[in-house]
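Subject: Structure for your review

Dear colleague,

Please find the structure below, followed by a short account of what was found in it. I would be grateful if you could read the two side by side.

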Amino acid sequence: MDRPMDLHYTDAQEAFRAEARSWLDAHAPAPRSLASLDTAAGFEAHRAWEAELAADRWSVVSWPEEFGGRGVGILEWLVFEEEYWRAQAPLRVSQNGVFLLAPTMFEFGTDAQKQRFLPPMASAAEIWCQGWSEPDAGSDLAGIRSRAQRSDDEGGWVLSGQKTWASRGAFAEWCFGLFRTDPEAERHRGLTYFLIDMATPGVTVRPIPQIDGESGFAELFFEDVFVPDDLVLGEVGKGWNVAMATAGSERGLSLRSPARYSRAAERLVDLYADCLERDPDRARRSADSVAQAWMDAEAYRLNTLWTATRVLDGGSVGPEASANKIHWSQTDLSIHRAALDLLGPEAEFHGDGVDAPWLDGFLFALAGPIYAGTNEIQRNVVAERMLGLPRG
Amino acid sequence: MHFAFTETQIEFRDAVRQVLAKECTTDDVRAAYEAPAARTGRWDTLAQMGITGLAVPEAHGGLGLGLVDLVPIIEEAGRVVLPEPLAMTAGVAGPLLADVNTTAAGGNAHVVRWLEGVASGDLTAAVADARYPRLPVAGADGADLLLLVADGPDGPELHGIDAGHAPVVSVPSLDPTRRLGEPAWVPSPESLLASGAVAAWCIARTADRAAVVTGAELLGLADAMITRTAEYAKDRQQFGKPIGSFQAVKHLVAGAQVLLEFARPAVYGAAWAIDDGTGDTARAASVAKAYASDAALEASRISLQVHGAIGYTWECDLHLFLKRSWALAEAWGSAADHRARLIDSLLAEKP
């Protein structure tokens, strides 16, 4: 086990990279050629792209082959992501399923659940949204009030209540949600994690236009929605534990691969070089923030490799996931903020016929410190669980 | 790809941590403030463990290891504010002398003697920052060996001189254990170690190594300050509860911890890049030093703030950590210096 430190990928990993690159070069649509995935047409266009990825088993490379993957490890997944972002391939419309629900299902799901749900998730035949937040339960997630009442006669549960800020909720076929199954239990207990078919009678979806005007998330209303027992993920009453596994994926290694930021930082340096030609004084005023943003992305890449090695050596990711989430969300903002400063008066150009990748990216980045648990909540986790400070 | 230290490296680090916890308490650091000395009993202990010669080739009495082996140990030196110049002697002078020795035809008798002295712990070295060849040099006051940069007819030259031959004027520092000194010397053919392309190569490698080992020392300092501050925040009561239970305090400490978490792999990765010799080591070193400087400065800032007035006193040990952090944050390039160096390097590859 005493392997010396080595940051080179192996020949086999480089061969895997070459294969991925060659496939993506042949298949990936032109950058930004698909409509936004937060529109009905764009959602379907992105679904079609993911089906194409899946057909050649590139949609979920780290999953076992029986579920549509290639059974490769986390390092190969990172290599694939580097190539995916290098190719500027489309954003992943099934990210909530593939990156968040799937790791949780591998850990807690029954064999039947995995057989039923993972293959259509991999092919994007079924796209998932997340039903956690409620109007009165955001940062205080354990305060959720949506309820599931036992129905022994029917062999399942009857859900009622309201969820909100459900990403992909406007168009998704399935939802993974947290509901209170035991109203008497202490807050974190008595919750259960359900898999819900959005076509079930009683489910109403109200899309919410986001800051960019598109329906990236939705409110979900549940009125006596029946969910059978075999659609409970993990144990009844243990939903908090299951949800924290999902949250770990959301904050830790799974959701945001470093390639996303490395690629954006490279584009930022290109923009800086252009600006030096057009408006050298403006460029020089931004030199420090451009360098900082590039370093933030590089530090994220190195920290990811550090963490991935620990996981491969049998370690786990605990509260470090919260530090990770703070870092990637801040990095995304620092990259895009620096870009807008370089664009100067052009930064605000947006609308029909205007391609504004930096402004779109900035709007997206603004959500980072909020979703997946606000950065303030993550700082509490770092202080309490990494440094032992008392709960307030 | 395997980005982790080996068990042997971790065990060596832990052994050093145990020794330093006994031999370098804050009382010891305070004693060094009163009577700064380059070599002490503690230095001899480290030398006997092989640490001063860790990166010196085995042929010259060292362990023949690399920066990856040394960095976790330098981190421990930072954790206890070690007064002796371990990072400069073991992490910079030793490898620099080894570089010079590989390029000197037939070997250089002085260089071999110095390499052996570094390995045995018989000498401490001070190395000038090539960007400021005429400014005071950290550790020069009381050093045995001075490695200095001077302008020559073909660009920068590297010189080495036994300190006995170069009177050093002490320069005061906020941290007296830095032992700043201004060598009063005139470069001569006798002191010349390298010129031209060889000197440029040696100096560039030295700047990268120095940035990385200084970064490692800053990691240890930042970790020590955050740990002490978290302990203080658990003990200190106001409004009937520990101040560490207030979010305003938690968020200060957590912010510094996040920076430190990301500075660590940056420093370790840069140490590996230098040992490996492939890739852009200057960029890696710049990311490492910028992140480590910023992490230590943020840890310094929040530590003083969370301690409050007690942290502003001479009696509280915190100032020992603050002063070393402030000095090292600027040494071998500040965070801003390294960001400027990075942007130049990134632009250089654009058409």
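The expected span of a helix is 1.5 Å times one less than its number of residues. The model is predicted, and the notes that follow should be read accordingly.

Helix 5 of chain B

This helix covers residues 86–103, 18 residues in total, and its first and last C-alpha atoms are 25 Å apart, close to the expected 26 Å. Most of the helix is covered, since 16 of its 18 residues are buried.

Salt bridges

Over all chains, the search of the whole structure returns 58 salt bridges.

Between the chains, B:Lys350 forms a salt bridge with A:Asp270, and their closest N and O atoms are 2.5 Å apart. B:Lys350 belongs to the segment after helix 11 (335–348) of chain B, while A:Asp270 sits in helix 7 (residues 258–278) of chain A. Both partners are partly exposed: B:Lys350 has a relative accessible area of 25%, and A:Asp270 has 32% relative accessibility.

Within chain B, the side chains of B:Arg341 and B:Asp208 meet in a salt bridge of 3.0 Å, N to O. Because B:Arg341 lies in helix 11 and B:Asp208 in helix 7 (residues 196–235) of chain B, the pair ties together parts that are 133 residues apart in sequence. B:Arg341 is partly exposed at 30% relative accessibility, whereas B:Asp208 is buried at 7%.

Within chain A, A:Lys114 and A:Asp111 form a salt bridge at 4.0 Å, N to O. The two are 3 residues apart in helix 5 (residues 111–123) of chain A, so about one helical turn separates them. A:Lys114 is buried at 15% relative accessibility, but A:Asp111 is exposed at 58%.

A network of salt bridges also links B:Arg17, B:Glu75, B:Glu76, B:Arg79, B:Asp223, B:Glu261 and B:Arg264.

Two loop residues

B:Leu174 is found in the loop between strand 4 (168–170) and strand 5 (181–183) of chain B. With 54% relative accessibility, B:Leu174 counts as exposed, and together with B:Leu297 and B:Trp326 it makes a nonpolar surface patch of about 270 Å².

A:Ser215 occupies the loop between strand 6 (203–208) and strand 7 (217–228) of chain A. A:Ser215 counts as buried because its relative accessibility is 17%, under the 20% limit. Its contacts beyond four places in sequence include A:Asp38, A:Phe171 and A:Pro207.

With kind regards

Technical notes: Residues are numbered from 1 along each chain as its sequence is written. Chains are lettered from A and ligands numbered from 1 in the order in which they are written. This is a predicted model: local features need pLDDT of at least 70, side-chain atom pairs count only at pLDDT 80 or more; totals for chains, interfaces and linings use all residues. Side-chain values use heavy atoms; hydrogens and water are left out. Helices (H or I, at least four residues) and strands (E, at least two) are DSSP runs, numbered from the N terminus. Buried means under 20% relative accessible area, exposed over 50%, partly exposed in between (1.4 Å probe, protein chains only). Contact means heavy atoms within 4.5 Å. Patches are made of residues with over 30% relative accessible area and no salt bridge: like charges are joined within 9 Å, nonpolar side chains (Val, Leu, Ile, Met, Phe, Trp, Tyr) within 5 Å. Accessible areas come from the Shrake-Rupley method with a 1.4 Å probe; for residues, only the protein chains shown count as cover.
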